[in-house]
Amino acid sequence: MGILFAFLTALSFAVGNIVIKKGITRTNGENNGFLITVTMNVILLGLFYFIASAVRGFTFHFSWKALFVFMSAGLLTSGLGRYTLFAAIGKINPSRASALKNAAPIFTILFALLILGERLTWIEGAGILLLLGAISIQGAMYFKNLPSSGKNGKNEKSQTYWTGYGLAVLAALIFGAGQGIRKQGLLILNDAFFGAWVGSLTAFCFIIIYESLKGRLKTTVEKNRKTLNGYFIASGTLTTTGPLCFFIGASLIQVSFVSVIAAIEPLLTILLSALFLKKEEELSLSVWLTAALVLTGTIVIAFAT
């Protein structure tokens, strides 16, 4: 059952990547579904937390320190990280964005080394090199295949690829740091349901404040109301069940095994993209190689820990 839930984690996020792209396409790029998915996360995770609390007899140990850490983790993962990933998906398609974002373990390990004071074995170092190699190969193939520049030395499509690639790598960095902070929160207060709900609530507050500062909150809410579609609703459900499946799987088997199985997300995304995004997703050898290297590097790191 632990292996099953670990696989469902990868499948949830992979399908989520596809449906986000479908939703963006349906709205002609006018909405990336971020506000809709985060709103559903708050509602669903709040419901799951209430049910879990009821099962425990509503016993709860509160910690202000844990609350702050969970909020920080939520801001980075469910807030900034996912916002950046959605933006990358809109520019370079889900399989590429997912493959690069799944390099987050690089930054999680760096966070652990620099902030938590953990040590790195040579095997873990080899895994990091594989992941860095995956990012480098994907980037090199992107820029090699970019269309030639125009008269002014600029090309709109080239700039889009550059931006999308950069956003995907940035999403990996943010997710990696957020996962390290989330670990700290669980060490302080071991309540995954509470941590997940606080994280989603923080992400919701983030997007509300961000849009308000930009002076476009009312416009954003109205746009989301008009462009609401089943793809965004499905994405909200998937981005809720994914983390919960991970936590359930980790409670049944070793977390390293769960991490390895969940790391097949980019491969599943590629396969699903080939099935459902045939006209939008061009799957080159470099994409497959990137996903394979990311998966191999993650496996090496997981089994070394």
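**From one residue to the whole chain**

Modeller: Val55 has its place in helix α2, and please keep in mind that this is a predicted model.

Biologist: Is Val55 buried or exposed?

Modeller: A residue counts as exposed when its relative accessible area is over 50%. Val55 has a relative accessibility of 70%, so by that cut-off Val55 is exposed.

Biologist: Which residues form the nonpolar patch on the surface, and what is their accessible area together?

Modeller: Val55 belongs to this patch, alongside Leu47, Phe50, Ile51 and Phe58. Taken together, the five residues have an accessible area of about 540 Å².

Biologist: How many salt bridges does the count come to?

Modeller: A pair counts when a side-chain nitrogen of Lys or Arg lies within 4 Å of a carboxyl oxygen of Asp or Glu. The side chains of Arg56 and Asp191 meet in this way, at 3.1 Å from N to O, and Glu211 pairs with Arg216, where the closest N and O atoms are 2.7 Å apart. The count therefore comes to two salt bridges.

Biologist: How many residues apart in sequence are the parts that the pair of Arg56 and Asp191 ties together?

Modeller: Arg56 lies in the loop between α2 (34-55) and α3 (64-92), whereas Asp191 lies in the loop between α7 (156-188) and α8 (192-213). Because the partners sit in these two loops, the pair ties together parts whose separation in sequence is 135 residues.

Biologist: What share of the 305 residues in the protein chain is buried?

Modeller: The accessible surface of the protein chain comes to about 15000 Å², and 68% of this surface belongs to carbon and sulfur atoms. Of the 305 residues, the buried share is 49%.

Biologist: Over which residues is the pLDDT below 50?

Modeller: The protein chain averages a pLDDT of 77, and 77% of the residues score at least 70. One stretch, which has three contacts in the model beyond near neighbours in sequence, has a pLDDT below 50, namely residues 149-153.

Conventions
Residues numbered from 1 in each chain as written. Predicted model: local features only at pLDDT ≥ 70, side-chain atom pairs only at ≥ 80, totals over all residues. Heavy atoms only, no water. Helix = DSSP H or I, 4+ residues; strand = E, 2+ residues; numbered from the N terminus. pLDDT = per-residue confidence, 0-100. Contact = heavy atoms within 4.5 Å. Patch = residues over 30% accessible without salt bridge, like charges linked within 9 Å, V, L, I, M, F, W, Y side chains within 5 Å. Areas by Shrake-Rupley, 256 points an atom, 1.4 Å probe, with all protein chains shown as cover. Buried < 20%, exposed > 50% of the residue type's maximum accessible area, 1.4 Å probe, protein only.
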